[in-house]
Amino acid sequence: MQQTYRKFQGLPNSKSSFSNPNNQQTTYIIIYLVLLAAAATTWYILPITVTTTTLPPPTSAATTTLRRRYYSATCPSAESIVAEAMKQSLLAEPRSAASVLRLQFHDCFVNGCDGSLLLDDTPTMAGEKLALANINSLRSFEVIDKIKAELEQSCPGVVSCADIVIMAARDAVSLTGGPRWEVKLGRLDGLTASRADSDAIMPSPRANATTLIDLFAKLKLSVKDLVALSGSHSIGRARCFSITHRLYDDQTVARQQDAAIEPQFREELMRLCPVNGYQNVTGGLDSTPVVFDNLYFKDLVVGKGVLNSDQTLYTSPETKAYVEEFSRDEEAFFQAFAEGMIKLGDLQSGQPGEVRRNCRVVNGSPAAAMNNYQN
């Protein structure tokens, strides 16, 4: 099978595990990115002031033909600008890789990859940022804002916010040791967002494999895609809010021993998330939470999945074989993950769209007009 990705080489293994959120072991990746930045021949030091330009009106439909190197003529530096911005973001905050990667999932699952997730609420629109799956959870919107501002300086009115999310998510994976693939671009930004749709679609960390398989099937994603894309939890952290239901009844009484959780790991989780503890404390989603690798699947095989929606992939017969395969063969995981991300990125809404100047507001809105005035 022809590979659709290139593995990003040279990242040392980091063995960070559960910890207080202020005590993450991120030394290796910081050193690596500093060396990478130092070795670069070109630095993109761009002002973030947005140049005022006249944009075309929204198109009649947001279903467009996506293709690789879409901006090669209209904004040839687009992908390099995004990649450089992601490098700088990881230097400042290594957790931003996982945060940006999650943005693609939470955007594309809800009415396609149209950047609707990025829109702020308005008096007439309840957006997706405060949906149940996103509130107090999604972060790094400012990373997308910074990238957008740099692209507007270089290529005003050309690169959509939806495409920025796709490119940045790809770079988040490759910069932390995972595969790199060619992304298809040319999306338009949606003109609205829907908190209700997000609440109805986004899966819960309590979900079982059957629920997840059904959801992915509705998006024309296979069981293999489900397991491979769940490997996005190779990087990142989870809040106790999403963990404690596996440990306690009503947050106060320890549950009966769950056979799916390795006993010592259960004790580790209970120390991280004690009875009546602070629900926003976080722990790594696998044993190397700042390195994209197949340790996530190895952890599932030995009963160390942090979320129920993770561990269910090993206990369910429909998904178990893929977990075992990816735990043994990292290259197979990387190949399947890259293919799954491309398929996920193909989801479109079919609704009217535009290229936003500011990812948080639609063009022509009062907030957009104020932003233009200030700049």
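A nonpolar core is a set of buried Ala, Val, Leu, Ile, Met, Phe, Trp, Tyr and Cys residues joined through side-chain atoms within 4.5 Å, where buried means under 20% relative accessible area, exposed means over 50%, and partly exposed lies in between (1.4 Å probe, protein chains only). The structure shown is a predicted model, in which local features need pLDDT of at least 70 and side-chain atom pairs count only at pLDDT 80 or more, while totals for chains, interfaces and linings use all residues. Residues are numbered from 1 along each chain as its sequence is written, and side-chain values use heavy atoms, with hydrogens and water left out.

**View 1. The largest nonpolar core and the surroundings of F109.** The largest nonpolar core holds 73 residues, and those with the most contacts inside it are M86, L101, F109, I147, L151, F337 and M341. Helix α5 gives the most to this core, with ten residues; helices (H or I, at least four residues) and strands (E, at least two) are DSSP runs, numbered from the N terminus. Once its neighbours within four places in sequence are set aside, F109 is in contact with I201, M202, P203, L215, F216, L219 and L344, contact being heavy atoms within 4.5 Å. Another core, of 14 residues, lies apart from the largest one and has A238, I261, F265 and L285 among its members. In soluble globular proteins, nonpolar side chains tend to be buried together.

View 2. On a 1 Å grid over the protein atoms alone, a pocket is an open set of points where a 1.4 Å probe fits, with protein on both sides within 12 Å along at least five of seven lines, and its lining residues have an atom within 4 Å of a point. The largest pocket contains about 1200 Å³ of space, a volume being the space filled by probe spheres set on the grid points, which are joined across faces, edges and corners. Its lining is made of 47 residues, of which R102, H106, A133, S137 and P205 lie nearest the centre. Helix α3 supplies the largest share of that lining, six residues.

View 3. The whole structure has 15 salt bridges, each being a side-chain nitrogen of Lys or Arg within 4 Å of a carboxyl oxygen of Asp or Glu. In one of them, the closest N and O atoms of E93 and R139 are 3.7 Å apart. E93 lies in the loop between α2 (78-92) and α3 (96-108), and R139 in the loop between α3 and α4 (141-154), so this pair ties together parts that are 46 residues apart in sequence. E93 is partly exposed at 30% relative accessible area, and R139 is partly exposed at 26%. D163 and R187 also form a salt bridge, at 2.7 Å from N to O, and this pair joins helix α5 (residues 161-175) to the loop between β4 (184-185) and β5 (189-190). Both D163 and R187 are buried.

**View 4. A salt-bridge network around D171.** E79, R170, D171 and R180 are linked in a network of salt bridges, within which the side chains of D171 and R180 meet at 2.7 Å, N to O. D171 is buried, with a relative accessible area of 1%, whereas R180 counts as partly exposed at 23%.
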